[in-house]
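Open the structure in a viewer and keep the sequence beside it. The stops below say what to select next and what is there.

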Amino acid sequence: MEGFTWAFETGLKLGFGVKRASNKRVGRHTSLKQDYFACPMGGRCPVNNDADALMRANTVTAWCNCKFQMKIVEIQENKWNFVMLFGFHNHALTLYCDGDRYFAKFDEEELAYIDAQVRAHVRPAIISAGLHQRNPEKSRPNRRQIYNRSQKVRAEERDGRNPVQHMIALAVQHKYVHYWVTDRETEELTHVFMAHPEAVKMFRSYYYVVLINSTYKTNLYRLPLVEMVGVTPVGKTFVIAYALVTHESEDGYRWVLQKRKALLNDVVQPNVIVTDCEQGLLNAIPTVFPESSHLLCLWHIYANVEMRALHITGRDSWDKFITCNLFKAVVEAET
Ligand SMILES: [Zn+2]
C-alpha cells in the first residue's frame, strides 16, 4: 500500500481527517515522492478575514487552527519514512463518523444524485437513505449537508428570484387563478390567494359544502395558511384554493372569502360552510355569504374537548372514559 493511502486510512480509523498540504518529488532525478499532511481543521477561522462570513448569520466554523502536521517520504520504492512534525491535535477527535461533514463529504457522483432527487421533490431523509444504500461503507451524511445542497439546487431553479417572486411566477406560468395584495408603504406581500384551474372547475360543479381551516406557524414567513376544501356528492374532498394572510383578522379572512366567492358567479353560493372556532373567520362569513349556513367542525370540537379533558383528568382516566363510552355505544347499537 502507498504511504499516502495508509496515512488517510489510519487517520479515518482514529477519528481525524488528513489532508495533503503539498506534494513534491524527493529529488530532481528520481521518481520517489514526498508529501506534507495536515489536519483539515487547520487554518484560521474565516470570520477574521472574510467579509462574507460576517454577513452570514447562524454559521459556525469548524476550523480551529490545528497545527497537526507530518511528512511522508518515499525512501525506496514502496518503502516510506514517516516524520511527525507536530503530533498533537488541539480539538477532540471524531468518535462517530456518521454525520461528520469531513468523513461524509459528497463526491461528484453523489452530488449529481442528490441534485436529481431534490428536483424530483424527494424528502431529505429518503435522499440520505438512498445515499447510504448506494455506498454502505461510507459514513452517513448529516441532514444539514443535504438541506444545504437542496437549497443550492432550489436557488438555481429560482433563477435569481426570491421564493415569493418565484411562487407568483409559477402561478402565472401554470395559469393559476391568483390574487395578491401588497402593503403600500413597505411593498411587502400581505395577502395571497391561489386556486388551480382544475380545482376551480370542480368547485363550479360542487359548490354546496365548503370546509375552511387555517394552520399557523407552519411556514417560514409565519403567515397563517388558509385552506379551502370542497366535497363531491360521493363524499370525497378536493382542495379549492389556498391563501396566505398576514393576520388572522376579520379583514384578512373577508378578503379571502371575497376572492373565493369570485370563483363562482353572484347567484350561486355554497349552502354550508364548515369551520373551526376561529373568531375572525366566524365574523367574516355572514358579511360575505349572508345566505349560507355555518356549521362548526365536529373534529375540532372533539379535539378541543379532548384537550380540555386531558388537562383536567389526565391521560389514563380519559382513555378509560372513552373506552367505557365506546363500549356502551356498541352495546346500545347491538340491542
Ligand atoms: Zn487536528
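Start with His121, which sits in the loop between helix 3 (108–119) and helix 4 (124–134). Helices here are DSSP runs of H or I with at least four residues, strands are runs of E with at least two, and both are numbered from the N terminus. Residues are numbered from 1 along each chain as its sequence is written. The model is predicted: local features need pLDDT of at least 70, side-chain atom pairs count only at pLDDT 80 or more, and totals for chains, interfaces and linings use all residues.

Is His121 buried or exposed? His121 counts as exposed because it has 7 C-beta neighbours inside 10 Å. The cut-offs are 20 or more other C-beta atoms within 10 Å for buried, 12 or fewer for exposed, and partly exposed in between, with C-beta atoms placed from the backbone. The phi of His121 is positive, near 60°, and the residue is not a glycine. Most residues other than glycine have a negative phi.

Select Lys175 next, in the loop between helix 6 (163–173) and strand 5. Lys175 is another residue other than glycine with a positive phi, about 60°. With 9 C-beta neighbours inside 10 Å, Lys175 counts as exposed.

Now show the open sheet of seven strands, whose order is 5-6-9-8-7-10-11 with mixed pairing. Two strands pair if DSSP finds at least two bridges between them. Strand 5 (177–182) and strand 11 (293–296) are the edge strands, each pairing on one side only. From one strand to the next, the twist averages 20°.

Go to strand 9 (residues 237–245), which runs antiparallel to strand 6 (residues 189–195) and is joined to it by four bridges. Across this pair, His191 stands opposite Val245, and Met194 stands opposite Tyr242.

Strands 8 and 9 form a hairpin with five residues between them. In the turn, select Gly235, where phi is positive at about 85°.

**Two helices**

Next, select helix 8 (residues 250–262) and helix 9 (residues 279–288), whose axes come within 8 Å and cross at roughly 45°. Therefore helix 8 is oblique to helix 9. Angles under 35 degrees count as roughly parallel, over 145 as roughly antiparallel, 65 to 115 as roughly perpendicular, and the rest as oblique. The axes are lines fitted to C-alpha atoms, for helices over the stretch in contact, and angles run from 0 to 180 degrees between N-to-C directions.

To see the contact, pick residues of helix 8 including Tyr253, Leu257 and Lys261, and residues of helix 9 including Leu281, Ile285 and Val288. Residues are in contact if their C-beta atoms, placed from the backbone, lie within 7 Å.

**The whole protein**

Finally, zoom out: the secondary structure comes to 11 helices and 11 strands. The C-alpha atoms fill a box of roughly 95 × 55 × 35 Å along the principal axes. What is the radius of gyration of the protein? The protein has 31 Å, whereas a compact globule of 335 residues would have a value near 20 Å. The radius is taken over C-alpha atoms, and the globule rule is 2.2 Å times the number of residues to the power 0.38. Of the 335 residues, 16% count as buried.

Definitions and conventions
Contact = placed C-beta atoms within 7 Å.
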